[in-house]
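This report walks through one protein model for a reader who has not seen it before. Please look over the sequence and the structure first.

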Amino acid sequence: MKSKSNLERTLEAGHFAVTAELGPPQNADPEVTRRKANLVKGYIDAFNVTDGQTAVVRMASWAACLIGKQEGLDPIAQMTCRDRNRIALQMDILGIAALGINNILCLSGDYISFGNHPQAKPVYDIDSIQFIKMVKELRDEKRFQNGEPISGKEPQLFIGAAANPFTEPFEYRVARLAKKIAAGADFIQTQIVCNLERFEKWMEMVRERELHRKVKILAGITPIKSVGAARYMKAKVPGVDV
């Protein structure tokens, strides 16, 4: 075990793991997250909290993760390169580990132009693959990104990354997945799967390179409430193939 993560324990035991996404509120009310956590309690192995999804201001992922953890659930803190340089990322990594959050999902982050502050300046000091490598070095080599050793306890995190089998160029999707695995990803969460034929083709390519033996892959699913919601996702949500 690389961490005290329930998600890691479930996957390493060979079980089928279920996670749920708890969208943080656009306010400071902890009860919003608490109510959502109790709706899924007993049905999931871990829960994700988005980090400024679509570049919209919401409660910080780590804070909502902590609220869900207080309700007895295993949180997956999402963290993006969009809003933080390598110094801030490492500070937040140490912070979530100190709070007992045992899972991290390393993301590039949606572009600023999608959000409600289009005049903001993005960071993107490092990309998601470099981010994954940095977390692995903090955990396994007990050193910061600049090479300095960590004096004391290192962050013990189960490292996650995202994969999108539905963007172009399609052939590059598996090559990018391989880079994330080589960088240190322990588990992968995919974009929502609405195009099953394309997802099956992607998984064929994953198996051809035997990447499924090196990482745990969780396919993304979502209940779509209406045809209108599906149309909105097709037109407005980046990377979703409906």
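On a 1 Å grid over the protein atoms alone, a cavity is a set of points where a 1.4 Å probe fits but cannot get out, while a pocket is an open set with protein on both sides within 12 Å along at least five of seven lines; lining residues have an atom within 4 Å of a point. Grid points are joined across faces, edges and corners, and a volume is the space filled by probe spheres set on the points. The model is predicted, so local features need pLDDT of at least 70 and side-chain atom pairs count only at pLDDT 80 or more, whereas totals for chains, interfaces and linings use all residues. Residues are numbered from 1 along each chain as its sequence is written, and side-chain values use heavy atoms, with hydrogens and water left out.

## Cavity and pocket

The model has 1 cavity of 30 Å³ or more. The largest cavity holds about 50 Å³ of space. Its lining consists of Asp51, Ala60, Ser61, Trp62, Ala77, Gln78, Met79, Arg84, Asp92 and Ile96. For the classes used here, Ala, Val, Leu, Ile, Met, Phe, Trp, Tyr, Cys and Pro count as nonpolar, Asp, Glu, Lys and Arg as charged, and the others, Gly among them, as polar. By these classes, the lining of the largest cavity has 5 nonpolar, 2 polar and 3 charged residues.

Helices (H or I, at least four residues) and strands (E, at least two) are DSSP runs, numbered from the N terminus. At least two lining residues of the largest cavity come from each of helix H3 (61-70), strand E3 (75-80) and helix H4 (86-98). The greatest share belongs to E3, which gives 3 residues to this lining.

The second largest pocket has a volume of about 250 Å³. It is lined by 18 residues, and Gly52, Val56, Val57, Arg82 and Asp83 are the closest to its centre. The lining of this pocket divides into 8 nonpolar, 4 polar and 6 charged residues.

## Salt bridges

Side chains of opposite charge can pair when their charged atoms come close. A salt bridge is counted where a side-chain nitrogen of Lys or Arg lies within 4 Å of a carboxyl oxygen of Asp or Glu. The model has 15 salt bridges by this rule.

| Residue | Partner | Distance, N to O |
|---|---|---|
| Asp92 | Arg84 | 2.8 Å |
| Lys136 | Asp140 | 3.1 Å |
| Glu137 | Arg143 | 3.3 Å |

Salt bridges that share partners also join Lys2, Lys136, Arg139, Asp140 and Asp186 into one network.

How open these residues are is given by relative accessible area: buried means under 20%, exposed over 50%, and partly exposed in between (1.4 Å probe, protein chains only).

Lys136 and Asp140 are 4 residues apart in helix H5 (residues 128-141), so about one helical turn separates them. Lys136 is partly exposed, at 29% relative accessibility, and Asp140 is partly exposed at 41%. In the remaining pair of the table, Glu137 is buried at 8%, while Arg143 is partly exposed at 24%.

## Cysteines

How many disulfides are there? The count is 0, where a disulfide is a pair of cysteine sulfur atoms within 2.5 Å. For Cys65, the closest cysteine sulfur is that of Cys106, and the 13 Å between the two sulfurs is too far for a bond. Cys65 is buried, with 0% relative accessibility. Cys194 is partly exposed, with 34%.

## Backbone features in loops

A cis peptide bond, with omega of about -5°, joins Glu168 and Pro169. Pro169 sits in the loop between strand E5 (158-163) and helix H6 (170-183).

Tyr124 is not a glycine, yet has a positive phi of about 50°. The loop between strand E4 (103-107) and H5 contains Tyr124, which is partly exposed at 28% relative accessibility. Lys142, also not a glycine, has a positive phi of about 55°. Lys142 is in the loop between H5 and E5 and is partly exposed, with a relative accessible area of 34%.
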